[in-house]
Amino acid sequence: MSITINIRYAGNNGSARKFAEEMIATGVVGKIRKQPGNLRYEYYSSMDDPETILLVDSWDNQEAIDKHHASPMMQTIIDLREKYNLHMTVERYISNEDLPEEDRKYIRE
């Protein structure tokens with residue numbers, strides 16, 4: 001079982017994209033990806049709303065997320081969110097490793 005958190009960052013005048021670019025350029029994203037339990041930390045652009053960036057953030061378990069939230073990087077992230085005046089929506093998913101057979105027929109691997 002893994003936990004995935006989708007965070008949509010929304011701003012104005014490209015601020016969400018600038019936030020993601022700074023997160024990458026300063027090495028914060030690289031450090032997060034190296035934290036124990038991190039499975040995925042990737043930014044995506046919205047095709048429907050150029051002012052929104054989606055972060056897909058996946059972890060092995062809640063303990064790994066808690067350790068990430070207690071790390072010094074969280075203050076850096078919070079400071080950058082403030083710098084770019086971003087607003088967020090958050091969705092959380094717990095994986096189900098057993099994909100139903102009915103759904104498998106729609107997946108091309």
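**Charged pairs**

Let's start with R8, which counts as partly exposed at 33% relative accessibility. For the cut-offs, buried is under 20% relative accessible area, exposed is over 50%, and partly exposed is in between, with a 1.4 Å probe and protein chains only. Before I go on, the housekeeping: this is a predicted model, local features need pLDDT of at least 70, side-chain atom pairs count only at pLDDT 80 or more, and totals for chains, interfaces and linings use all residues. Residues are numbered from 1 along each chain as its sequence is written, and side-chain values use heavy atoms, with hydrogens and water left out.

Back to R8. Which side chain meets R8 in a salt bridge? That's E91, with an N to O distance of 3.0 Å. The pair ties together distant parts of the chain, with E91 in strand β4 and R8 in strand β1, 83 residues apart. E91 is partly exposed, at a relative accessible area of 31%. When I say strand or helix, I mean DSSP runs numbered from the N terminus: E for strands, at least two residues, and H or I for helices, at least four.

In general, side chains of opposite charge can pair when their charged atoms come close. The rule here is a side-chain nitrogen of Lys or Arg within 4 Å of a carboxyl oxygen of Asp or Glu. How many salt bridges does that rule give? The count comes to 4. Another one of them joins E42 to R40, where the closest N and O atoms are 2.9 Å apart. E42 is partly exposed at 28% relative accessibility, and R40 is partly exposed with a relative accessible area of 34%.

Then there's K67 with E63, and here the closest N and O atoms sit 3.3 Å apart. These two lie in helix α3, residues 62-69, with 4 residues of separation, about one turn of the helix. K67 counts as exposed, at 55% relative accessibility.

**The sheet**

Now the strands. What order do they take? It's β2-β3-β1-β4, an open sheet of 4 strands with antiparallel pairing. Neighbouring strands are turned by 15° against each other on average, direction ignored. For that angle, the axes are lines fitted to C-alpha atoms, for helices over the stretch in contact, and angles run from 0 to 180 degrees between N-to-C directions.

Pairing means that DSSP finds at least two bridges between two strands. β1 and β4 have 8 bridges in the antiparallel sense, and M88 in β4 is the bridge partner of Y9. β2 and β3 pair antiparallel over 7 bridges, with S45 opposite I53 in β3. Those two strands, β2 and β3, form a hairpin with 6 residues between them.

**Two residues in β3**

D57 is the one I'd like you to look at; its place is in strand β3, residues 52-59. D57 is buried and has no salt bridge, and the nearest side chain of opposite charge is R81, 7.5 Å away. For charge, Lys and Arg count as positive, Asp and Glu as negative, and His and the chain ends aren't counted.

What does the side chain of D57 make a polar contact with? The side chain of W59, at 2.7 Å. A polar contact is a pair of N or O atoms within 3.5 Å; within protein, one must be able to donate a hydrogen and the other to accept it, and residues adjacent in sequence count only if both atoms are side-chain atoms. Leaving out residues up to four places away in sequence, D57 touches I3, T4, I5, N38, R40 and Y41. Touching here is heavy atoms within 4.5 Å.

Last bit. N13 has a positive phi, near 55°, in a residue other than glycine. N13 is in the loop between β1 (3-10) and α1 (15-25), and N13 counts as exposed at 67% relative accessibility. For N85, phi is near 50°, again positive in a residue other than glycine. N85 lies in the loop between α4 (73-83) and β4 (87-94), exposed with a relative accessible area of 51%.
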